[in-house]
Amino acid sequence: MKKWLLAIVITLALSVYQRMTGPTHPKRVTVELNGERYTQKLPRSGVQLDEIVTLKDLPEDAIVQLHYRRFPTKDAYTTMDFSWKDSTWQAVLPVQPVAGKLQYYISVNGKKYPAEEPLLIRFRNDVPASILVPHILFMFASMLFAVYTFLLVVTHKPYMKWLWITVGTLFIGGFVLGPLVQHVAFGPWWAGYPYGTDLTDNKTLLVTLKWKINKWIVGLAVLFMIVIFSIPHSAYGSEYDYEKQEIKR
């Protein structure tokens, strides 16, 4: 029971870390105005609808603007004023083709946010919960079983049963449901090696190549899997080429 509790804690911690550091997670920025600090969430993922950027708590007399352009292009930035609606500031990022990206930032009273560099938002098709939820559950389960297997290996307990359960859930989540999610969201079934550079697909492939039936190799393989799956989701994913008007992977 202690091993299961530890495995659950480790898996949850890894899942939260991956989610919070991923390129699709909303970006937190802190706007400083008149001696006050206002924390905002700016979106970095959108479906096939105009994306509404909402800023809360900022005073109504502020000068708030949105600046955006297609990415990767050398287009000039389009600038538009936010509108005051329902006690919030709102502006719209226009929907892009599937896998299309916009580079954008906001300005408040002439000061740019985020200050370091503009954000990227990528648009996709909406993935039904009937596909996305099982994918997430199987990938979470594979990580949980992998961590539990690792704990069995390092404590010299029988591990073969859980090793095969790990491999099975990883196969279903990563190689059955994963490509289905990729296809529904962006079009391609597989965007990893040798066809593309999608880091999510490539890291799943790398994990499966590391399984060997040997106690210490299994331990190293599971540790490798834990490290690999800590890499942020959707990094180096599908991207729309505005010049060729097609998705590049």
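These legends accompany close-up views of a predicted model.

**View 1. The whole chain, as a setting for the close-ups.** The chain contains five helices and 13 strands. It has 249 residues, and 45% of them count as buried. Its accessible surface comes to about 13,600 Å². Carbon and sulfur atoms account for 60% of that area. Five salt bridges are present in the structure.

**View 2. Helix α1 against helix α2.** Helix α1 covers residues 2-21, and helix α2 covers residues 129-154. Their axes come within 9 Å. The crossing angle is roughly 130 degrees, which makes α1 oblique to α2. The crossing is right-handed. On the α1 side, the residues in contact are K3, W4, L6, A7, I8, I10, T11, L12, L14 and S15. On the α2 side, they are F140, M143, L144, F145, V147, Y148, L151 and L152.

**View 3. Helix α2 against helix α3.** Helix α3 runs over residues 160-186. Its axis lies 8 Å from that of α2. The two helices pack at an angle of about 155 degrees. Angles over 145 degrees count as roughly antiparallel, so α2 and α3 are roughly antiparallel. This crossing is left-handed, whereas that of α1 and α2 is right-handed.

**View 4. F150 in helix α2.** F150 sits in helix α2. Beyond its neighbours within four places in sequence, F150 is in contact with G219, V222 and L223.

**View 5. The salt bridge between K27 and E116.** Side chains of opposite charge can pair when their charged atoms come close. Here K27 pairs with E116 in a salt bridge. The closest N and O atoms are 4.0 Å apart. K27 lies in strand β1, residues 27-33. E116 lies in the loop between β10 (111-113) and β11 (119-123). The pair therefore ties together parts that are 89 residues apart in sequence. K27 is partly exposed, at 27% relative accessibility. E116 is exposed, at 55%.

**View 6. The salt bridge between E32 and R37.** The side chains of E32 and R37 form a salt bridge. The N to O distance is 2.7 Å. E32 counts as partly exposed, with a relative accessibility of 41%. R37 counts as exposed, with a relative accessibility of 58%.

**View 7. The salt bridge between D126 and R124.** D126 and R124 also form a salt bridge. Their closest N and O atoms are 3.9 Å apart. The two partners fall into separate exposure classes. D126 is exposed, with a relative accessible area of 55%. R124 is partly exposed, with a relative accessible area of 24%.

**View 8. T24 in the loop between α1 and β1.** T24 is found in the loop that links α1 and β1. Its relative accessible area is 23%, so T24 is partly exposed.

**View 9. K248 in strand β13.** Strand β13 covers residues 246-248 and includes K248. K248 is partly exposed, at 39% relative accessibility. With neighbours within four places in sequence left aside, K248 is in contact with S238, E239 and D241. P188 is also shown. Its C-alpha lies 9.5 Å from that of K248. The sequence separation of K248 and P188 is 60 residues.

How values were computed. Residues are numbered from 1 along each chain as its sequence is written. This is a predicted model: local features need pLDDT of at least 70, side-chain atom pairs count only at pLDDT 80 or more; totals for chains, interfaces and linings use all residues. Side-chain values use heavy atoms; hydrogens and water are left out. Helices (H or I, at least four residues) and strands (E, at least two) are DSSP runs, numbered from the N terminus. Buried means under 20% relative accessible area, exposed over 50%, partly exposed in between (1.4 Å probe, protein chains only). Accessible areas come from the Shrake-Rupley method with a 1.4 Å probe; for residues, only the protein chains shown count as cover. Axes are lines fitted to C-alpha atoms, for helices over the stretch in contact, and angles run from 0 to 180 degrees between N-to-C directions. Angles under 35 degrees count as roughly parallel, over 145 as roughly antiparallel, 65 to 115 as roughly perpendicular and the rest as oblique. A crossing is left-handed if the near helix is turned anticlockwise from the far one by less than a right angle, and right-handed if clockwise. Contact means heavy atoms within 4.5 Å.
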